[in-house]
Amino acid sequence: MITCVEVLLIRLLSYIYVEIVVGHIEVEVGVGDLEGGKIMCTKALVGTGATLTIIPEDLAKRLGLKRVGEKVKVVTASGFEELELSHALIEIGSKRRITPVLISNKIDRVIIGVVTLEAMQLRVNPVTEKLEEFTALFY
């Protein structure tokens, strides 16, 4: 059985590996309410180690995002946390998707998670350090 300390160490080593191999990848994104009536453009970090997209609490408030009344347990660099779940419209390039997001009062920038990337059929190219489109699998 793996202990919590071992899980954190594995996550830390994975994070360090991704940072060394891929580096920081930033993209310009639009984050909006579900109707697309309010959209704010910002730079976001592509977090290949993040499952869900995370947005700062102040941005969620400015957009009027509704929380769904559920908290999601996550492992962060500072330990275990429970973040509120919501949904937002995310735009990257010409792609737009409504995707689940977590709201955090500890971060100051948007972090795009892999669920959002997969929904948009985007992936990180580690050579170019850019996002690229891919064909979804169906089988």
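**View 1. Glu132 and Arg123 meet through their side chains in a salt bridge, 3.1 Å from N to O.** A salt bridge is defined here as a side-chain nitrogen of Lys or Arg within 4 Å of a carboxyl oxygen of Asp or Glu. The model is predicted, so local features need pLDDT of at least 70 and side-chain atom pairs count only at pLDDT 80 or more, whereas totals for chains, interfaces and linings use all residues. Residues are numbered from 1 along each chain as its sequence is written, and side-chain values use heavy atoms, with hydrogens and water left out. Glu132 is partly exposed at 27% relative accessibility, and Arg123 is partly exposed at 42%. In this scheme buried means under 20% relative accessible area, exposed means over 50%, and partly exposed lies in between (1.4 Å probe, protein chains only).

**View 2. Strands E8 (residues 122-125) and E9 (residues 130-133) run antiparallel and are joined by four bridges.** Helices (H or I, at least four residues) and strands (E, at least two) are DSSP runs, numbered from the N terminus. Two strands pair if DSSP finds at least two bridges between them. Arg123 has Glu132 as its bridge partner in E9. The two strands form a hairpin with four residues between them.

**View 3. Gln121 and Glu129 have positive phi values.** Most residues other than glycine have a negative phi. For Gln121, phi is near 55°; this residue lies in the loop between helix H3 (114-119) and E8 and is partly exposed, with a relative accessible area of 26%. For Glu129, phi is likewise near 55°. Glu129 is found in the loop between E8 and E9 and, at 37% relative accessibility, is partly exposed.

**View 4. Salt bridges that share partners join Glu57, Arg67 and Glu84 into one network.** Arg67 forms a salt bridge with Glu57, with 3.4 Å between the closest N and O atoms. Because Arg67 belongs to strand E4 (residues 67-76) and Glu57 to helix H2 (residues 57-63), the pair ties together parts that are 10 residues apart in sequence. The side chain of Arg67 also meets that of Glu84 in a salt bridge, at 3.2 Å from N to O. This second pair links distant parts of the chain, with Glu84 in strand E5 (residues 79-92) and Arg67 in strand E4, 17 residues apart.

**View 5. The largest nonpolar core contains 22 residues.** A nonpolar core is a set of buried Ala, Val, Leu, Ile, Met, Phe, Trp, Tyr and Cys residues joined through side-chain atoms within 4.5 Å. Val29, Val31, Ile55, Ile90, Ile92, Val110 and Ile112 touch the most other members. At least two residues of this core come from each of strand E1 (26-32), strand E2 (39-46), H2, E5, strand E6 (95-104), strand E7 (110-112) and E8. In soluble globular proteins, nonpolar side chains tend to be buried together.

**View 6. Val29 is in contact with residues beyond its neighbours within four places in sequence.** These contacts (heavy atoms within 4.5 Å) are with Met40, Cys41, Thr42, Ala44, Glu91, Ile92 and Ile112.
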